[in-house]
Amino acid sequence: MESKAKDDRHGYDQIYRWGEKGDYDCSSAVICAWEQAGVPVKSTGATYTGNMLSIFKKCGFKDVTSKVNLATGAGLLRGDVLLNTKHHTAMYCGRGKEVEASINEKKRATGGAPGDQTGKEFLIRSYRNYPWNHVLRYQEGSSLGKGSCFQVLRKGSSGSSVKTMQQMLIACGYPCGSFGADGKFGNATYAALIAFQKAAGLIADGEYGSQTKSKLTEVYHKKM
């Protein structure tokens with residue numbers, strides 16, 4: 001999130017909020033940051049501030065609100081997720097700073113030009129109590145992928161889970177290249193998955209998370 005905040009190609013938008021044009025909104029920025037760090041909150045279904053609390057907790061986060069002083073930020077650690085479940089979320093950077101996607105250059109949630117025209121759309125700023133309802137902290141060593149939190153598959157992944165995905169894609173009419181279901185998530189499999197996601201009305205990010213898995217499994221079983 002910090003690197004995106006320092007790159008003016010990334011601004012704020014609530015329509016194109018998953019980076020399609022470089023922009024994010026507050027929740028998608030935090031969700032994508034943790035997904036890219038290897039914690040599959042997006043794959044498990046986190047989509048907005050209203051469902052972040054339950055899903056982040058499923059994926060190894062602990063609610064540590066009682067351990068911090070929300071007014072001053074005392075007790076916060078770098079990487080803590082600051083959450084108001086109705087309105088806003090941000091990430092604590094340490095040293096009294098937070099990073100967030102805030103609002104576009106027109107002071108609105110939609111309709112702005114892609115990118116950060118003001119320096120205030122996606123920014124690092126001094127900590128303030130928004131007010132936050134919850135502070136979520138990732139617990140090192142938490143058990144991911146053991147029933148409660150599905151591990152995302154993406155380009156470069158390999159193994160039996162990739163092979164199963166490929167077999168279902170092929171059966172549903174989305175060929176995965178000349179090698180077929182070889183258990184290797186390469187360019188052809190990525191293209192097949194994107195095509196399926198678009199046809200199914202899902203976010204076409206080329207990542208095989210729990211939502212895509214559920215839909216592909218549904219379509220596959222209807223064809224069998």
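Mentor: The buried residues of α2 are Cys 26, Ser 27, Ser 28, Ala 29, Val 30, Ile 31, Cys 32, Ala 33, Trp 34 and Glu 35. Buried means under 20% relative accessible area, exposed over 50%, and partly exposed in between, with a 1.4 Å probe and protein chains only. Helices (H or I, at least four residues) and strands (E, at least two) are DSSP runs, numbered from the N terminus. This is a predicted model in which local features need pLDDT of at least 70 and side-chain atom pairs count only at pLDDT 80 or more, while totals for chains, interfaces and linings use all residues. Residues are numbered from 1 along each chain as its sequence is written, and side-chain values use heavy atoms, with hydrogens and water left out.

Trainee: Why is α2 described as largely enclosed by the rest of the structure?

Mentor: The helix α2 covers residues 26–36. It is largely enclosed because the buried residues number ten of the eleven.

Trainee: How is α2 oriented to α3, roughly parallel or roughly antiparallel?

Mentor: The axes of α2 and α3 (residues 49–58) come within 10 Å and cross at roughly 25°. Axes are lines fitted to C-alpha atoms, for helices over the stretch in contact, and angles run from 0 to 180 degrees between N-to-C directions. Angles under 35 degrees count as roughly parallel, over 145 as roughly antiparallel, 65 to 115 as roughly perpendicular and the rest as oblique. Therefore α2 and α3 are roughly parallel.

Trainee: Which classes of residue make up the contact of α2 with α3?

Mentor: Contact means heavy atoms within 4.5 Å. On the α2 side are Cys 26, Ser 27, Val 30, Ile 31 and Trp 34, which meet Thr 49, Met 52 and Phe 56 of α3. Ala, Val, Leu, Ile, Met, Phe, Trp, Tyr, Cys and Pro count as nonpolar, Asp, Glu, Lys and Arg as charged, and the others, Gly among them, as polar. The contact divides into six nonpolar, two polar and no charged residues.

Trainee: How is α4 oriented to α5?

Mentor: Helix α4 (residues 160–171) packs on helix α5 (residues 187–200) with axes 11 Å apart. The angle is about 55°, which means that α4 is oblique to α5.

Trainee: Which residues of α5 does α4 meet?

Mentor: The contact of α4 with α5 has five nonpolar, two polar and no charged residues. From α4 come Met 165, Gln 166 and Leu 169, and these meet α5 at Thr 189, Ala 192, Leu 193 and Phe 196.

Trainee: With which side chain does the side chain of Thr 212 make a polar contact?

Mentor: Thr 212 is in helix α6 (residues 210–223) and is buried at 6% relative accessibility. Not counting residues up to four places away in sequence, Thr 212 touches Leu 193, Phe 196, Gln 197, Leu 202 and Glu 207. A polar contact is a pair of N or O atoms within 3.5 Å; within protein, one must be able to donate a hydrogen and the other to accept it, and residues adjacent in sequence count only if both atoms are side-chain atoms. At 3.1 Å, the partner side chain is that of Gln 197.

Trainee: Is Arg 95 buried or exposed?

Mentor: Arg 95 is in the loop between β3 (88–94) and β4 (97–101). Its phi is near 55°, a positive value in a residue other than glycine. With a relative accessible area of 87%, Arg 95 is exposed.
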